[in-house]
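Let's take a walk through this model, from the overall fold down to single side chains. Keep the viewer open as you read.

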Amino acid sequence: MKITRRVVFASPYNSLMPDPVTHNRPTQHDGKVHGVIVGVRRDDGRWLVIRRSEKVAAPLRIAFPGGAQEPGEDRALAAAREFREEIGVDVRIVKHVWHHVSPRRPLILWGYLGKVDRLDDLRPCGDEVAEVLFLTADELAAHPDALEYSDAFARSLDAAAATLSEHEA
């Protein structure tokens, strides 16, 4: 006789609680949040990342600066806007380097390589950012607080930065 067991996993995303991905964030025509993130590299090869504040989704997690694209907003402009809101300085978007569709959440991410003229002028927004850090892809992969996609995005950034011409950098 074959016995089949069915296991049901409890998840806050299938309960009556609002989904933290879509709660208070604009969704697009497909019902998903379209997020944009930006990687800016320091001269030593480390990427600017943030520890998110306690007041935002994924509190105290390590992530690249970014946020939700507004409906009808250009993605690259959304990336620059979100970076400025979180980090307090303008970023020049160099190129799109990464794309991620979450298998478990209503979220699609687009990742951009960016350039900031002076990294010593950062003015992080305290409501969204608890800390600014500079980490390598390997450090992100090993960091217990890093969001699950962060090291993959950092590796895509590393590959894109290695192929930049002097004109693009």
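Is Arg118 buried, exposed or partly exposed? Arg118 is partly exposed, with a relative accessible area of 46%. Its side chain meets that of Asp120 in a salt bridge, 3.3 Å from N to O. Asp120 itself counts as exposed, at 58% relative accessibility. One thing to keep in mind throughout: this is a predicted model.

## The overall picture

The chain is built from three helices and seven strands. Reading from the N terminus, the order is β-β-β-β-α-β-β-β-α-α. Of its 169 residues, 38% count as buried.

As for the surface, the chain exposes about 9,900 Å², and carbon and sulfur atoms supply 51% of that.

In soluble globular proteins, nonpolar side chains tend to be buried together. In this model the largest nonpolar core has 26 residues, and Phe64 and Leu140 touch the most other members. At least two residues each come from strands E1 (33-40), E2 (47-52), E3 (62-63), E5 (92-101), E6 (107-115) and E7 (129-135), and likewise from helices H2 (137-142) and H3 (150-162). H3 gives the most, with five residues.

Val40 sits in strand E1 and counts as buried, at 2% relative accessibility. The C-alpha atoms of Val40 and Gly114 are separated by 5.1 Å, though the two residues are 74 apart along the chain.

Which residues does Val40 contact, leaving aside its neighbours within four places in sequence? They are Arg46, Trp47, Leu48, Phe83, Val91, Gly114, Lys115, Val116 and Leu119.

## Arg52, a buried charge

Now for an arginine worth a click. Arg52 lies in strand E2, and it is buried yet has no salt bridge. Why does Glu86 not count as its partner? Glu86 is the nearest side chain of opposite charge, but it is 4.6 Å away, and a salt bridge needs the nitrogen and oxygen within 4 Å.

Arg52 does have a polar atom of its side chain 2.7 Å from the backbone oxygen of Ala57. Beyond its neighbours within four places in sequence, Arg52 is in contact with Arg25, with Ala57, Ala58, Pro59, Leu60 and Arg61, and with Ala63, Glu128 and Ala130.

The loop between E2 and E3 holds Ala58 and Leu60. Ala58 has a positive phi of about 55 degrees although it is not a glycine, and Leu60, also not a glycine, has a positive phi of about 65 degrees. Ala58 counts as partly exposed, at 28% relative accessibility; Leu60 is partly exposed too, at 36%.

In another loop, between strand E4 (66-68) and helix H1 (75-87), you'll find Glu73. A polar atom of the Glu73 side chain lies 2.9 Å from the backbone nitrogen of Glu70.

## Salt bridges

Side chains of opposite charge can pair when their charged atoms come close. The count in this model comes to 14 salt bridges. One of them joins Arg51 and Asp145, at 2.9 Å from N to O. Arg51 lies in strand E2 and Asp145 in the loop between H2 and H3, so the pair ties together parts that are 94 residues apart in sequence. Arg51 is buried, with a relative accessible area of 17%, whereas Asp145 counts as partly exposed, at 26%.

Asp44 forms a salt bridge with Arg42, with the closest N and O atoms 2.7 Å apart. Asp44 is partly exposed at 43%, and Arg42 counts as partly exposed at 30%. Both belong to a network of salt bridges that links Arg42, Asp44, Arg46 and Glu139.

Definitions and conventions. Residues are numbered from 1 along each chain as its sequence is written. This is a predicted model: local features need pLDDT of at least 70, side-chain atom pairs count only at pLDDT 80 or more; totals for chains, interfaces and linings use all residues. Side-chain values use heavy atoms; hydrogens and water are left out. A nonpolar core is a set of buried Ala, Val, Leu, Ile, Met, Phe, Trp, Tyr and Cys residues joined through side-chain atoms within 4.5 Å. Buried means under 20% relative accessible area, exposed over 50%, partly exposed in between (1.4 Å probe, protein chains only). Helices (H or I, at least four residues) and strands (E, at least two) are DSSP runs, numbered from the N terminus. Lys and Arg count as positive and Asp and Glu as negative; His and the chain ends are not counted. A polar contact is a pair of N or O atoms within 3.5 Å; within protein, one must be able to donate a hydrogen and the other to accept it, and residues adjacent in sequence count only if both atoms are side-chain atoms. Contact means heavy atoms within 4.5 Å. Accessible areas come from the Shrake-Rupley method with a 1.4 Å probe; for residues, only the protein chains shown count as cover.
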